[in-house]
Amino acid sequence: MSVHNKPTLQNCEDEAIHLIESVQSFGYVIALNPRDKRIQVVSSNINELFKVDIVPGETLITELIDIPTPDSRTFQNIYESIEGGKLRRAYQWKFAENALHLEDWDKEGSGVAFDSDGLLVIELEPTPQLTHEAAQQWVPMDMDVRPLLPDVENCEAIGDVADAIAKVFQSYIGFSSVMVYRFDEKYSGEVIGEATKSERSFKGLKFPASDIPKQARELYLSNRVRCVYDVEEAPIGLLPKIDNGNRAPLDLSMSMVRSVSPLHIQYLKNMGVRSSFSVSLVFEGKLWGLLACHNHEPIYIDQKKRLVCESLGHLYAWQLHTKALHEKKEQFQSRQRKLNSIVHQLTTFANPLEAITQKEGDLLSVTESCGMAVVTPSGRYSVGITPSDKTLELLLDKFAITQPEQSVAINRLTDDIIQNNDLNGIRGIYISCVSSKLGYYTVWFREQRDKTIRWAGKEAANKDVSKSLTPRNSFDTYLQSVADEALDWTEDDKLIIEGFDHLFIPYALSLKASLDKQISKLEELDKAKDHFLASISHELRSPLNSIVGWTDLALMDVTNVERMTDALGVIKRAASTQAALINDILDLSRIISGTMKLSTHSLNIADAISEVSKSFEAGFASKNIQLSIHCDDSHTQILGDSLRIKQVVNNLLSNALKFTAKGGTVHVRGKREHSNYLFRVRDNGKGMTQEQLSHVFERFYQGKNEHNRHGLGLGLSIVKSLVEMHGGEIYAHSDGPNSGTTFFVSLPIAPLSLQEDIIETKNSQISDLTKSLRLEGLRILVAEDEADARDFIKLFLESNGARVNVVKNGLLAWKEINDMPGAFDLLLSDIGMPELDGLGLVTKVRASQIPEIAKLNAVALTAYAYTSDRVKALKAGFSNYVSKPVDGEELLTILEMYSPDKNRR
């Protein structure tokens, strides 16, 4: 029997507790060389069990124990199965004939084997209580452990799960107190669950990491059960002793009977504990916590039960960790939902960064902060309690982040920062880098918050004691108040802040950049407007000066007919110039205010282009510019205001004349493309840069080249508005300076070819429609995506007696037909439409199970005029086909075929 030696170490973590060289009295240890089977080390109580006189280095293990099973042919085989690993195997050992002292013990005993630096260590616990029959069932998973697993399904919190586990485990091992102990990230522990027969409770108390030092935690990971049978019992030493046996200390890391540090024995005595038992709670290779069991009297837990407890530890750890994860997940998801709602609301504001103040309370609550700042190169947006701008700049410099996705989390700033800067009560700071390259950060702040920690003993609160080898004497509850610190930044806090950074900041910054760009553009427009007003003044004065000057000259001598003739010519040209300028200004005003009206006619677009182009022949000839005009599909008609269409062509040709050098060429080309008429005006003049092309149709914009500085620069802006009012498109193309420019204009063709029918849109009156009753009683559904064409067809058909419903695409037409089967006699449908085209619509009609729908007459009205298009439409199910622009008489003749009266006849 060895005695306790007073430790001489200065640091608790330096104590080699796995090399303690002693075991407890209920265990018997034999360490042998597996190759020659000679025993090398034994516990000093081995002769209490065996009669054989054991001499280390000489006695063979076979004199004491036979091979446990037929599968393990030699002790070398047993060793190879456990060699080098942190594991042990259990065997039912058969004792050799006449080897035991106690004849009433069974001839077999349970034990474990493990590797210790090349030696095979066998630990025996052949107690009288373990019969042969019981020994056959000792392997942990051979028994039903389900009654030892508490029902935690309805437990609301992890503390409830821990209490349930402690209660059922206490009933199994019979100890007076069972505590569920959880480690934090720094391995300080807290009792989160307890079952006790004592009035004294440890639940909720904190224990410092020094109570279970690093080397003890490492042992708990590899050897997951540890018992102390009786703190008053002296440990059993190993033989031969290391100081005279010329051997290395025996590594008992995997031992189930190893004695414990004298320091820990004293620790237990100070707690008033006589017997203790611990089970490791390990999850995913990490020590999550412990089941710590205490009793005031010695209790021996046999080897079988200890191994069952080891297996239970795995299951309990899973139950506890799963509940902890569930709690954490629910809390995080709740915060995440709140954050998503905040971000969604912020994105509804025109400037989300400035709108942060509107959601200040919610944002700071979800991040558990007292203030935050968004830092950008152009400024800072702060809410809540924050340091001064100067201090914030200092903090960003001091804790500089150079990599994206990096962060700095501090729960207490250093004393020098606190004392020398205006922190406004801030103690904690979290800096998140959105983009270090662009200089975007979010910074979050926390004030100091007093907190109270419930320690198990006053000494536990003193972190300086944690290295001392002297066990603390007091475990009474001690309340420690910690001040001048902020709450720690948890992983969930960091994830919420990262979520805000990823969800909101890029959107807000991009929107702010867009707003800044719009503001810059508005400022440019404002400058352009000022320039425009100055230009108006100049342009209007120039012809006015000519008028006044030549009028004065003419009046000086009214008898001078030649001078009078010249004066009147100049005055007329100047007045015309003024009139044109005033008309541009008025047109712009009407377009901006939305009061521009179009008198829409069915007009020949090729004739209009040719007419205007020919009026420029003299001007082009004066600069020796070759003007080429060629328009295909000369009978094509569009719905348009003749005056405004000619204004568009006039402006484009004026630009070509102005910007084409002498001897150049200008080409005007036009042709029909499906349901549109496309014409272009191309010159080989000065051309434009891509920058100029992007602004060429903007109001108040004038290019930087000197040739763009003449006039008001409103023409192309007005042209674009006029083209779009006709349902068309206009764009410009140029390969760059000195490569010429081409303007393309696309206008929708007219659905009907009517020579004199006039429709004035924008609240104007319908006129010159010849009324008749040729379609009386015919119920027609018209599907046409072009608004002007839709209105024109409706008016035309109604003026001839039809009852007309109109829709703008095939889907809406299909809904009308299904909602009111039998309500229509005829479907008149365009082919090319969005959502659902005419071919798809008529296919659905013919496939309908409702007879009134399937038999509905359908006529195609479209600009796709090729034979293959006609065949495709008829195959799809159309009854007839009319090409745009269709002659009104032709359309009436076709539609009359489907009137109810003719069908009845």
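Modeller: Quick definition before we start: a polar contact is a pair of N or O atoms within 3.5 Å. Keep in mind that this is a predicted model.

Biologist: Okay, what makes Asp837 a cap for the N-terminal end of α22?

Modeller: One of its side-chain oxygens lies 3.3 Å from the backbone nitrogen of Leu839. The cut-off for a polar contact is 3.5 Å, so 3.3 Å passes.

Biologist: Which residues of α22 are buried?

Modeller: In that helix, residues 838–847, the buried ones are Gly838, Leu839, Leu841, Val842 and Val845.

Biologist: And why do you say the buried residues line one face of the helix?

Modeller: Look down the axis of α22: its buried residues fall within an arc of 160°, so they sit along one face.

Biologist: Let's hop over to strand β6, residues 108–116, where Ser116 lies. Why is Ser116 called buried?

Modeller: Buried means under 20% relative accessible area. Ser116 has 2%, so it counts as buried.

Biologist: What does Ser116 touch, leaving out residues up to four places away in sequence?

Modeller: Val121, Leu250 and Asp251. With Asp251 there's a polar atom pair too: its backbone oxygen lies 2.8 Å from a polar atom of the Ser116 side chain.

Biologist: Where in the chain is confidence lowest, and where is it highest?

Modeller: Lowest is strand β31, residues 766–767, with a mean pLDDT of 36, while strand β2, residues 28–32, is highest at 94. Over residues 1–10 the pLDDT is below 50, and that stretch has 16 contacts in the model beyond near neighbours in sequence. As for the chain, the average is 80, and 80% of the residues score at least 70.

Conventions. Residues numbered from 1 in each chain as written. Heavy atoms only, no water. Helix = DSSP H or I, 4+ residues; strand = E, 2+ residues; numbered from the N terminus. Buried < 20%, exposed > 50% of the residue type's maximum accessible area, 1.4 Å probe, protein only. Polar contact = N/O pair within 3.5 Å; in protein donor to acceptor, adjacent residues only side chain to side chain. Contact = heavy atoms within 4.5 Å. pLDDT = per-residue confidence, 0-100. Arc of directions from axis to C-beta.
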